[in-house]
Amino acid sequence: MNNKQISFEFFPPKTPEGREKLHETHRQLAKFQPEFFSVTYGAGGSTREFTRDIVFDIQNAGSCAAPHLSIGGDSKDAVLELLESYQDNGIKRLVTLRGDLPSGMGGAAQLVYANELVAFIKEHFGDTFELLVASYPEIHPEAESYEKDIYWLGEKFKAGANRAITQYFYNADSYFYFIDQCHKAGIDKPIIPGIMPITNYQNLVRFSDSCGADIPRWIRQRLQQYGNDVESIKAFGLEVVTNLCEKLLENGAPGLHFYTMNQVEANAALCRNLNLGT
Ligand code: FAD
């Protein structure tokens with residue numbers, strides 16, 4: 001996996017204890033020498049300071065950090081201010097999104113599409129930041145059609161995005177088919193698979209239902225059958241996701257982006273299985 005890069009995604013904890021624990025998680029996962037650690041952002045600015053603080057902590061600890069960003073219900077001035085603070089602190093990469101507003105913030109706020117955010121950042125900051133965007137091999141839940149979703153991904157690249165990271169999936173064919181369709185639509189930029197380790201059945205179902213990721217029937221059946229047997233769920237999950245990652249890398253995926261859920265164990269075990277060090 002010499003020339004393939006990996007990255008890890010964190011969400012920003014809201015308590016000092018959570019932040020302290022995340023430092024240790026970062027320390028453990030940094031051993032795998034990822035290209036960057038990204039930190040999610042609550043659209044509507046709900047995690048603005050938390051995201052920024054964790055991003056600066058990670059940079060100060062010697063790793064590259066990539067904040068996620070969306071405009072959500074924020075003013076453009078507030079977003080510009082945040083971007084300036086990233087520029088001033090040497091941040092080189094952003095994950096630019098439309099985002100989903102947290103429940104209760106839906107009413108007045110107007111979501112800004114990711115291609116518009118990419119254009120906005122390019123207009124104000126030129127090539128200061130490498131821009132990553134989201135993509136959906138199993139199609140975004142609100143997309144008008146499969147083709148239209150790819151069309152809008154193309155618009156994000158045309159606006160200046162450099163790479164995409166996918167929503168997680170467990171069916172490698174959905175990724176390869178998506179890549180083929182993107183090529184046919186003239187998209188030739190790297191599209192990095194997003195990988196969600198499997199450690200807990202209920203959480204996985206909840207997330208997958210909300211973001212439109214499919215859990216294949218055979219995986220559901222096995223996980224259901226394990227009930228509360230956490231160790232068997234983890235062992236099965238590790239086997240399934242290791243096989244998925246191997247298949248993706250062997251067949252040309254440019255790297256892997258791990259949705260860590262701020263956990264060390266499952267992500268480190270995957271990296272070891274994939275011979276990514278320590
Ligand atoms: P867009 O690319 O703007 O697309 C949204 C929908 O609108 C799609 O259905 C698309 O087909 C359509 N569309 C796109 N552009 C246009 C347009 N100009 N006009 C009309 N229709 C359009 N969420 C968070 O809240 N915080 C995070 O930190 C976060 N990180 C993520 C990281 C990754 C790698 C991924 C894959 C998702 C992440 N999400 C995050 C979830 C994401 O915000 C949601 O999936 C959201 O619903 C869509 O964001 P997007 O940037 O893909 O939107």
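Analyst: A polar side-chain atom of histidine 68 lies 2.9 Å from a ligand oxygen atom, a polar contact being a pair of N or O atoms within 3.5 Å. For aspartate 100, a side-chain N or O atom is 2.6 Å from an oxygen atom of the ligand, and for tyrosine 136 the distance from a polar side-chain atom to a ligand oxygen atom is 2.7 Å. Of the 970 Å² of accessible area that the ligand has on its own, the protein covers 87%, with areas taken from the Shrake-Rupley method and a 1.4 Å probe.

This is a predicted model, in which local features need pLDDT of at least 70, side-chain atom pairs count only at pLDDT 80 or more, and totals for chains, interfaces and linings use all residues. Residues are numbered from 1 along each chain as its sequence is written, and side-chain values use heavy atoms, with hydrogens and water left out.

Around the ligand there are 23 residues, of which Tyr41, Asp100, Tyr136, Asp149 and Lys156 come nearest; a residue is near if one of its heavy atoms lies within 4 Å. By class, this shell has 11 nonpolar, 7 polar and 5 charged residues, where Asp, Glu, Lys and Arg count as charged, Ala, Val, Leu, Ile, Met, Phe, Trp, Tyr, Cys and Pro as nonpolar, and the others, Gly among them, as polar.

Definitions and conventions. A polar contact is a pair of N or O atoms within 3.5 Å; within protein, one must be able to donate a hydrogen and the other to accept it, and residues adjacent in sequence count only if both atoms are side-chain atoms.
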